[in-house]
Amino acid sequence: MTISLSYTISPDMDYNAVRMFVAVAQTGSLSSAAARLGVPLPTLSRKVAELEADLKVQLLERTAKGCRPTEAGSRLFEQASGGIDLLEEAERAILSEQAQLVGRLRLSLPQSFEPWWDLLALFQRAHPGIQINVYSTERRVDLLADGVDVALRVGAIADDTVIARHMLTFRHILVASPELVAAHDRPEGPQDILRLPCAAWGSTLDAQPTWTLGGQTQKINATFTANDYLHLKARAMAGDVATELPSFLAAEYLKSRELVELLPEYPFPETALHLVYKRQRHPSTIVRAYLDFCSAHIAIVEARCRVTS
């Protein structure tokens, strides 16, 4: 069954009720939305019910884990969420007597992406009025559903619902401890890596990892897999395994010779790094400030990704 829904947003529509509904749709829970907005749960429930009565349509349905928008609710959420963000930004601009930016920035970052932590610290020192909330995850978040303003994504972007700003490219590096290399013959080609105990990144417990080295794809008989590069780095430095690491995690230890690079003549392919944000006409002032700051200071991250002998 398809519901045809077209809203005419009138001056009489209760802005607070719409704002509360948007918060429920983002959090998936009436209680979580009430906590986020700082309003009593009965008040939020009543306002959402009044909004449904005014629009003469059910906007939310109960689930085992909370609630979710109906088809009609999803359409209202898509139309209203951007406007709510703009109205909240306007309220902050009017209420703020200071020139500094004031508000909240919700970010998604890949796990273990340490160089970006330095960039975030500098950004917050430059804008102390901005509260930053970071969600670190390996999965690609849904910006709208997860309430994320800007996500840092590794790899190609094939999503026409977002705008991607390219930041830099980097490579993964095949590394091992000097002790592990000394105990085995140093590999001369990708097929020789099978002589070493290997650990690899895997997104699932049943991952079957492969490495692309110098354009050659090599299946890895990994003795250990994890979806955490910091864990892989620790195992490599302990002398247990050879593994792949992002260049920014390997650079310091290659310089100190606690790790050595294997098969440098067979490099991993380059990986692109982008900032992505919702495709809308007017990104918020805070989002624009963050994007521009990152572009202006990306050399901080590039320096951490640079490997020198």
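I looked up W211 first: it is buried, at 1% relative accessible area (buried is under 20%, exposed over 50%, partly exposed in between, with a 1.4 Å probe and protein chains only). The model is predicted, so I kept to its limits: pLDDT of at least 70 for local features and 80 or more for side-chain atom pairs, while totals for chains, interfaces and linings use all residues. Numbering runs from 1 along each chain as its sequence is written, and side-chain values use heavy atoms, without hydrogens or water.

I then searched the whole structure for aromatic pairs and got eight (Phe, Tyr or Trp rings, the six-membered one for Trp, with centres within 6.5 Å; planes under 30 degrees apart are stacked, over 60 edge-to-face, the rest tilted). F123 and F293 make an edge-to-face pair, 5.3 Å centre to centre with 70° between the planes. Both residues, F123 and F293, are buried. W211 and F268 also pair edge-to-face, at 6.2 Å and 75°. F268 is buried too, at 6%. I noted one aromatic cluster of F113, W116, F170 and F248.

Next I checked D240. D240 is partly exposed, at 34% relative accessibility. Beyond its neighbours within four places in sequence, D240 contacts L180, P197 and R235 (heavy atoms within 4.5 Å).
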